[in-house]
Amino acid sequence: MIEHHLKSSDAQAKSAVRSSSIAVVNGTAHMTVIPPLPIGHDSTAADQARAIFAEVERRLAAVGSNKSRIAHITIWLSHLMHFQEVTEVWNEWVDPEHPPVRACAQVNLANKNLKVEMIVVADAS
């Protein structure tokens, strides 16, 4: 069974892409997270990472989960020069007793102001 949690109408109106904010499949939560739209051109990678982590926690709470139950996070960066900056924010945020598997890569992101995007998989059972 798949349970889709739709984006708010405000968030959906700002996005050209129709998608759920989170999908729960057999007790596993799946989400892709970017900073809130619109993304300012002066937004740093650290700012974007902090905003994403706050949103991850909000979405997980909505399905009865939390960051200690994250199994895997993939971090996409617009440029590897942001790696250290985002890693510093990661180290402040991650649950030290339950750190998830993490992957990080440089990709071409769809929005020119977007520096960070994340894919999260967590237990929501």
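This note covers the salt bridges of a predicted model.

1. Basis. Residues are numbered from 1 along each chain as its sequence is written, and side-chain values use heavy atoms, with hydrogens and water left out. In this predicted model, local features need pLDDT of at least 70 and side-chain atom pairs count only at pLDDT 80 or more, while totals for chains, interfaces and linings use all residues.

2. Count. The structure has 4 salt bridges (a side-chain nitrogen of Lys or Arg within 4 Å of a carboxyl oxygen of Asp or Glu).

3. Glutamate 55 and arginine 58. These two form a salt bridge, with the closest N and O atoms 2.6 Å apart. Both sit in helix 2 (residues 45–62), 3 residues apart, about one turn of the helix. Helices here are DSSP runs of H or I, at least four residues, and strands are runs of E, at least two, numbered from the N terminus. Arginine 58 is partly exposed at 47% relative accessible area (buried is under 20%, exposed over 50%, partly exposed in between; 1.4 Å probe, protein chains only).

4. Glutamate 55 and arginine 59. Glutamate 55 also bridges to arginine 59, at 2.8 Å between the closest N and O atoms. The pair lies in helix 2, 4 residues apart. Arginine 59 is buried, at 10%.

5. Arginine 69 and aspartate 123. Their side chains meet in a salt bridge of 2.9 Å, N to O. This pair links distant parts of the chain, 54 residues apart. Arginine 69 is in the loop between helix 2 and strand 4 (70–77), and aspartate 123 is in strand 6 (residues 116–123). Both are partly exposed: arginine 69 at 22%, aspartate 123 at 31%.

6. Network. Shared partners join Glu55, Arg58 and Arg59 into one salt-bridge network.
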